[in-house]
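User: Please take a close look at one part of this model. I would like a single connected reply, with the cut-offs given as the terms come up.

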Amino acid sequence: MSALFSNARALSEQNKSMLVEMLDTVFDNLDLTKTQRERIETAYKAVGNYLASCDHPLLEGAQIYPQGSMRLRTTNKPLAQEEFDVDLILFLPNAAYATREQIVRVVKQHLLDNEVYKSLVEDLPRGLRINYTGDYHLDITPAKAYDLQGLHGHPLWVVDKHTSFKESNPEGMAQGFDKACSMLPVIRKAHVFMEALTNRSVTELPDQSKKKPLNRITQILKRHRDVWSQQDGHTHADFRPISVVITMLASLAYVEVVKSGKEYDNEFDLILDVIELMPHHIETNFDEIFITNPTMKPENYAEKWNRVERQEGQKYRNAFYAWHRAAVDTFEHLANANNQGVDNVFTALSWAFGERPVIAAKDRIIEVVNTNRSEGNLSVVLGTGAITTAVAGKASAASRVVTSVVPVKGNRFYGD
């Protein structure tokens with residue numbers, strides 16, 4: 001790797017481990033709570049079952065399943081005044097010869113016929129939104145089967161306001177992301193993850209708490225993008241990189257790192273490598289840019305980067321590289337703050353990821369430290385200034401201490 005992260009890479013292993021623990025604690029507070037997940041899942045299942053029960057021929061055999069961050073386990077709690085965006089595919093196996101207008105009209109009318117949904121429905125360029133009162137909404141994209149066989153996942157024609165239909169394969173992309181997640185680099189630890197798959201008209205929402213390194217890295221980068229794009233005086237907010245662009249580039253970079261066989265002493269260096277390699281996976285052909293779905297090549301996630309009207313394409317490109325530079329600067333800033341004390345690290349984390357989850361993380365860390373201190377489970381490693389928790393006579397979760405505040409929770413970067 002290059003010297004892109006010179007300060008961050010120069011940190012001691014102890015300090016890198018501490019920063020990973022702090023990041024993990026922050027993002028614990030950005031995961032869906034059990035109550036939020038249950039509310040969203042209840043609403044999602046109700047809509048799916050209602051649409052699947054319609055007796056109109058176009059909706060016969062309808063299947064609904066998640067796409068996007070819910071499917072990929074990369075959902076973050078939204079910033080203030082924003083809602084969870086739950087993206088759903090409504091697959092219509094009997095709509096092969098239907099037009100976009102026919103499909104949208106039938107689906108919308110069925111929703112309008114329902115007392116619960118009729119006042120909540122909103123048109124979208126690619127389907128319909130159900131705006132619930134609260135912190136989430138459901139975006140439903142109707143789709144029909146794609147007419148080319150042999151592709152992985154679930155190739156589709158999804159409705160589109162501008163072109164009638166667009167090629168898409170969100171499930172194929174998600175399966176590729178899952179495969180990438182299952183490729184674990186060597187970081188001196190091993191975990192086993194199990195999940196059950198079922199065949200239903202309404203597919204279960206993936207458990208958002210089961211994180212693997214790539215899930216968490218993507219979650220970190222997306223949150224950074226959200227906060228970065230809303231900072232005062234920002235010129236790139238309207239052109240910020242969309243989530244699927246960040247997700248795909250992070251996935252490709254992660255796979256490159258794992259396949260290289262590089263071994264790590266901590267996850268911090270893994271995050272740095274993924275960020276550094278992301279731009280290397282942007283494809284160009286003459287003046288066009290491509291970040292494609294490997295399971296549906298016509299689906300270019302960077303299609304807006306090629307717009308010529310009002311130089312919009314160039315603005316999208318500039319915004320991505322500005323965000324990427326900011327991500328690098330954030331981890332360099334965290335490294336510099338680390339040398340000035342833990343309170344400065346929390347300040348740097350707040351600037352990068354938002355004040356609320358960082359305050360919650362700091363409170364949690366203090367609570368754990370105080371609990372372990374009262375139970376006599378804290379000890380200092382001589383010569384290092386590190387505090388550890390004693391478990392069955394062994395030291396664990398070592399973290400460097402500059403002040404009395406130190407993360408001592410077990411590192412769950414790898415999930416349960």
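Analyst: The model is predicted, so local features need pLDDT of at least 70 and side-chain atom pairs count only at pLDDT 80 or more, whereas totals for chains, interfaces and linings use all residues. Residues are numbered from 1 along each chain as its sequence is written, and side-chain values use heavy atoms, with hydrogens and water left out.

The helix pair comes first. Helix H2 covers residues 13-28 and helix H9 covers residues 267-277; helices (H or I, at least four residues) and strands (E, at least two) are DSSP runs numbered from the N terminus. The two axes come within 8 Å and cross at roughly 75°. H2 is therefore roughly perpendicular to H9 (under 35 degrees is roughly parallel, over 145 roughly antiparallel, 65 to 115 roughly perpendicular, and the rest oblique). An axis here is a line fitted to C-alpha atoms, for helices over the stretch in contact, and angles run from 0 to 180 degrees between N-to-C directions.

On the H2 side, the residues that meet H9 are Lys 16, Leu 19, Val 20 and Leu 23. Their counterparts in H9 are Glu 267, Phe 268, Asp 269 and Ile 271, where contact means heavy atoms within 4.5 Å. By class, the contact of H2 with H9 has five nonpolar residues, three charged and no polar ones. The classes are nonpolar for Ala, Val, Leu, Ile, Met, Phe, Trp, Tyr, Cys and Pro, charged for Asp, Glu, Lys and Arg, and polar for the others, Gly among them.

As for the setting of this pair, the protein has 12 helices and 14 strands. Of its 416 residues, 52% are buried (buried is under 20% relative accessible area, exposed over 50%, partly exposed in between, with a 1.4 Å probe and protein chains only). Among contacts with a separation of 6 or more, 69% join residues 24 or more positions apart.

Arg 9 is partly exposed because its relative accessibility is 21%. Ser 69 belongs to helix H4 (residues 69-72), and its C-alpha atom is separated by 8.2 Å from that of Ser 243, 174 residues apart along the chain. With a relative accessible area of 17%, Ser 69 is buried. The side chain of Ser 69 also makes a polar contact with the side chain of Thr 75, at 3.1 Å. A polar contact is a pair of N or O atoms within 3.5 Å; within protein, one must be able to donate a hydrogen and the other to accept it, and residues adjacent in sequence count only if both atoms are side-chain atoms.

Asp 160 lies in strand S6 (residues 156-160) and counts as buried because its relative accessible area is 7%. Its side chain reaches the backbone nitrogen of His 162 at 2.9 Å. Leaving aside neighbours within four places in sequence, Asp 160 is in contact with Arg 100, Pro 125, Arg 126, Phe 165 and Lys 166. Asp 113 sits in the loop between helix H5 (100-112) and strand S3 (121-124), and is exposed, at 52% relative accessibility. The side chain of Asp 113 makes a polar contact with the side chain of Gln 109 at 2.9 Å.

Backbone angles give two further sites. Ser 164, in strand S7 (residues 164-168), has phi near 75°, a positive value in a residue other than glycine. Ser 164 is partly exposed, with a relative accessible area of 33%. Gln 311 likewise is not a glycine and has a positive phi of about 55°. Gln 311 is found in the loop between strand S11 (296-300) and helix H10 (312-338), and at 58% relative accessibility it counts as exposed.

Last, the cysteines: Cys 54 is buried at 11% relative accessible area, and Cys 181 is buried at 3%. The count of disulfides is zero, a disulfide being a pair of cysteine sulfur atoms within 2.5 Å.
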